[in-house]
Amino acid sequence: MGDGTATTTDLDAQLEKHRVELTGYCYRMLGSSFEAEDAVQDTLVRAWRSYDKFEGRSSLRSWLYRIATNVCLDMLTAGNKRARPMDLTESTPLAQAALAPRPDNTWLEPMPDGRVLPAVEDPAEAAVAKESVRLAFMAALQQLPPKQRAVLILREVLAWRASEVAELLGTTVASVNSALQRARATLAEREDRGAGAAVSDPLDEEQQRLLERYVKAFEGYDMTALTALLHEDAVMTMPPFDLWLTGPADITGFMTTLGASCAGSRLLPVEANGLPGFAHYKPDPDKGGFAPWAVQVLETSEGRITGFHCFLDTQRWFPLFGLPLHLEGEADQVEQGA
């Protein structure tokens, strides 16, 4: 009995070691933080139950990826492609802005870096992993048919050999190479349309200064300062609403009209999708202090903010990022200290 328990504990530990990289894989496949975590849990349970049939003909890691791939392909048979607002509708001028929500399963979801990016020593490998969870790349992945998506992730992101991918998918090397070629062509088309964000890893001094200036401008609700930081083609999105705005005038115009209650907000830094981000808390008129409002994910290029993406479902996102659902105000903290 003791031996059996030790083996079970050992197997749990072996499986658990792969959780973060498997979550990253399932997240790239599914575009959903919560579905990815469900898929990994399902993968580990299936592996645990059928471990006695695993004969070691492949590594434990590649066996787990095979199970995870099958779980994800099953989940994707419904055909839902998660997207960003700009993948679904045209940009709306501020004068016609209306907040129309769409169901949760419409949207590409944000993900904390720590849940999908395993620690690796090779800086080049770490950079590829980060780039491959950025919002623009994730949105492009969602446009690929599921098997092409799996091939591209395994070959380009995880650097598997074509023969390993063929074995995992139960197909031929020629078929894998053909799928990869088609997937690359689809992604290249999207890149030509300007998808992407130039963010160094780690952030360089210019990018750090940009973020510091952004926090100061946003918390001070200084629209002149904010305008100076936004690229002329900057985009603002706010899932679950399908509205998206283009250009500093419409973005700051929205913030001073429909978004006026965000004046006096507080921002806490987070790392999401390989990009800089912030937990946005706005003043809470009922309880005092600050209430969660959005997880912001920023895209930057050449010293300006090009994408300003606000994920508003705080009851889901703030616990996922390990963030509190209330912040004390400075006056509250002074009273507690006294």
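Arg316 is partly exposed, with 22% of its relative accessible area, where partly exposed covers the range between buried (under 20%) and exposed (over 50%), computed with a 1.4 Å probe on protein chains only. The model is predicted, so to read it well, note that local features need pLDDT of at least 70 and side-chain atom pairs count only at pLDDT 80 or more, while totals for chains, interfaces and linings use all residues. Residues are numbered from 1 along each chain as its sequence is written, and side-chain values use heavy atoms, leaving out hydrogens and water.

Let's turn to the charged pairs. A salt bridge here is a side-chain nitrogen of Lys or Arg within 4 Å of a carboxyl oxygen of Asp or Glu, and the count comes to 15 salt bridges.

One of them joins Arg82 to Glu109, with the closest N and O atoms 3.3 Å apart. Arg82 sits in the loop between helix H4 (60-75) and helix H5 (85-88), and Glu109 in the loop between H5 and helix H6 (113-116), so this pair ties together parts that are 27 residues apart in sequence. Helices (H or I, at least four residues) are DSSP runs, numbered from the N terminus. Both Arg82 and Glu109 are buried.

Glu109 also forms a salt bridge with Arg316, again with closest N and O atoms 3.3 Å apart. That pair links distant parts of the chain, since Arg316 belongs to helix H15 (residues 314-320), 207 residues from Glu109. Salt bridges that share partners join Glu35, Arg82, Asp104, Glu109, Asp313 and Arg316 into one network.

Asp87 and Arg84 meet in a salt bridge as well, at 3.3 Å from N to O.

| Residue | Relative accessible area | Class |
|---|---|---|
| Asp87 | 25% | partly exposed |
| Arg84 | 12% | buried |
| Glu109 | 2% | buried |

Notes: Helix = DSSP H or I, 4+ residues; strand = E, 2+ residues; numbered from the N terminus.
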